[in-house]
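Let's take a walk through a protein model, going from its strands and helices to the cores they share. Keep the picture open while you read.

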Amino acid sequence: MAKTIERRDVVIVGGGPAGLAAAISAHEAGQTDILVLERDTQLGGILNQCIHNGFGLHTFKEELTGPEYAARYIERAAELGIEYRLGTMVIDISPERLVTAVSSADGITQVEAGAIVLAMGCRERPRGALATPGYRPAGVYSAGTAQRLVNIEGQMPGREVVILGSGDIGLIMARRMTLEGAHVACVAEIMPYSGGLKRNIVQCLDDFGIPLLLSHTVTRVEGRDRVEAVWIAEVDERMQPIAGTEVRYPCDTLMLSVGLLPENELSRDAGVQISPVTRGPVVDQSLQTSVRGVFACGNVLHVHDLVDYVSEEAAAAGANAARFVAQAQAETEADRGIPVVAEGGVRYTVPSFVSPQLMDDRLTVRFRVANVYRDHFVSVYLDDERIQHRKKRVMAPGEMESVVLRRADLLAREGLQRITVKLEEE
């Protein structure tokens with residue numbers, strides 16, 4: 001049986017970079033009755049195993065490692081006296097904002113929240129999603145699991161490595177394994193472009209002479225007890241292996257870096273509308289989901305390329321959650337606002353709806369593109385009128401893009417029906 005239901009103004013699910021930034025921002029916005037629930041045994045989330053540098057250039061104007069970046073937020077949360085519970089797994093969130101959690105210390109607990117911020121992060125796609133032929137031997141790891149083994153547990157997954165997928169974690173692990181003395185034969189990517197940041201391709205592959213095989217995939221895994229080799233083939237425009245292009249790569253380890261999925265089982269249970277593109281919640285200008293008083297930020301909302309953007313977004317979510325509690329908003333269904341439509345190579349936008357009357361003077365709309373585009377324009381339309389037209393030399397799916405909407409522009413157009421963000425050639 002659950003204990004007596006507690007009451008908290010703001011409950012934050014997740015104590016990683018998004019959750020901590022949201023908690024600090026909510027506190028600074030005037031709500032001090034905050035509770036952070038974290039399933040791990042320490043705060044900081046995935047950053048604790050990201051010991052490489054490159055974090056904090058936007059937020060702190062200096063280059064930090066992942067643990068150093070997390071420590072800045074952990075220390076600030078401690079200064080503010082923000083309460084958190086570790087080893088606490090949230091198992092249910094009701095549409096009425098009742099949070100049910102379980103821990104070895106407290107058993108089952110329930111917390112009634114004035115507002116909730118979802119900051120559960122994301123998880124890696126499993127190998128099973130790839131339908132790769134072969135047995136399921138030892139030596140097949142997700143890149144994140146391998147990263148934890150090396151950086152936290154001090155264990156080497158293997159010595160002869162092939163990496164499938166060119167997401168940022170895979171690229172970073174190619175360098176990490178090389179530095180630890182392993183041989184990385186190649187990184188194979190089924191798409192004709194990399195899913196990672198350009199700087200990681202240069203610093204983690206090019207600088208170490210590790211080949212990146214675009215439009216290639218693993219077609220077979222050899223080995224029963226342990227991986228002995230993988231076969232890699234070129235693929236056609238339909239992502240199907242091309243006969244006669246297979247090459248055998250002897251190895252004892254296959255790492256998978258084949259994409260990340262926002263962790264939204266709790267969100268779905270709460271009745272939150274989920275985008276079929278991002279797999280994260282559909283949100284408005286306040287980062288509020290379709291369930292009133294429930295906000296989302298960070299990688300649970302959409303997978304980011306830089307943690308600095310996670311922190312920026314989470315700070316907005318935390319402040320808006322605090323504002324929601326302070327204004328004691330009515331529980332009636334609200335108008336979602338004006339839809340923000342993605343077209344012409346733009347895969348999605350966050351937010352998906354904007355209410356000009358409720359937004360700040362300036363609102364950053366983030367998006368990703370569907371392919372590699374060179375010398376294209378990012379355009380913004382208010383109904384049929386184009387108000388922004390900015391040329392970009394290169395845009396790639398691995399890097400986040402953004403446009404800024406001005407409240408004054410939206411309010412000046414009476415009867416505005418839609419906002420469109422699209423790519424144009426001229």
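Helices here are DSSP runs of H or I with at least four residues, strands are DSSP runs of E with at least two, and both are numbered from the N terminus. The model is a predicted one: local features need pLDDT of at least 70, side-chain atom pairs count only at pLDDT 80 or more, and totals for chains, interfaces and linings use all residues. Residues are numbered from 1 along each chain as its sequence is written, and side-chain values use heavy atoms, with hydrogens and water left out.

Start with threonine 349, which sits in strand E19 (residues 346–350). Is threonine 349 buried or exposed? Threonine 349 is buried, with a relative accessible area of 6%. (Buried means under 20% relative accessible area, exposed over 50%, and partly exposed in between, using a 1.4 Å probe and protein chains only.) Now try leucine 205, which belongs to helix H5 (residues 198–205). Leucine 205 is buried too, at 0% relative accessibility.

Who do they touch? Contact means heavy atoms within 4.5 Å. Leaving out neighbours within four places in sequence, threonine 349 meets Val340, Ala342, Val365, Arg366, Phe367 and Val421. With residues up to four places away not counted, leucine 205 touches Leu171, Ala174, Val187, Asn200, Ile210 and Leu212.

Here are two C-alpha separations to find in the picture:

| Residue pair | Apart along the chain | C-alpha separation |
|---|---|---|
| threonine 349 and threonine 420 | 71 residues | 9.5 Å |
| leucine 205 and aspartate 33 | 172 residues | 47 Å |

**Helix H2**

Helix H2 (residues 66–80) has 15 residues, and its end C-alpha atoms are 22 Å apart, which agrees with the 21 Å it should span at 1.5 Å a residue. (The expected span is 1.5 Å times one less than the number of residues.) Gly66, Tyr69, Ala70, Tyr73, Ala77 and Leu80 are the buried residues of H2. Seen down the axis of H2, they fall within an arc of 95 degrees, so they line one face of the helix. (That arc is taken from the directions from the helix axis to the C-beta atoms.) These buried residues pack against helix H1 (17–28) and H7. On the face turned away from the buried side, H2 carries the exposed residues Ala78 and Glu79. Just after H2, glycine 81 takes a positive phi of about 70 degrees.

**Helix H3**

Next, look at helix H3 (residues 143–153). Its buried residues are Ala143, Gly144, Ala146, Gln147, Val150 and Asn151. Down the axis of H3, the buried residues fall within an arc of 155 degrees, so they line one face of the helix. Their cover includes strand E7 (122–124), strand E8 (140–142), H4 and strand E15 (253–256). Just after H3 comes glycine 154, with a positive phi of about 70 degrees.

**The cores**

A nonpolar core is a set of buried Ala, Val, Leu, Ile, Met, Phe, Trp, Tyr and Cys residues joined through side-chain atoms within 4.5 Å. Which members of the largest core touch the most other members? Of its 62 residues, they are Ile12, Ile93 and Val117. Helix H7 (residues 307–327) supplies the largest share of this core, eight residues. Apart from this core lies another, of 21 residues, among them Val340, Val378, Val403 and Leu423.
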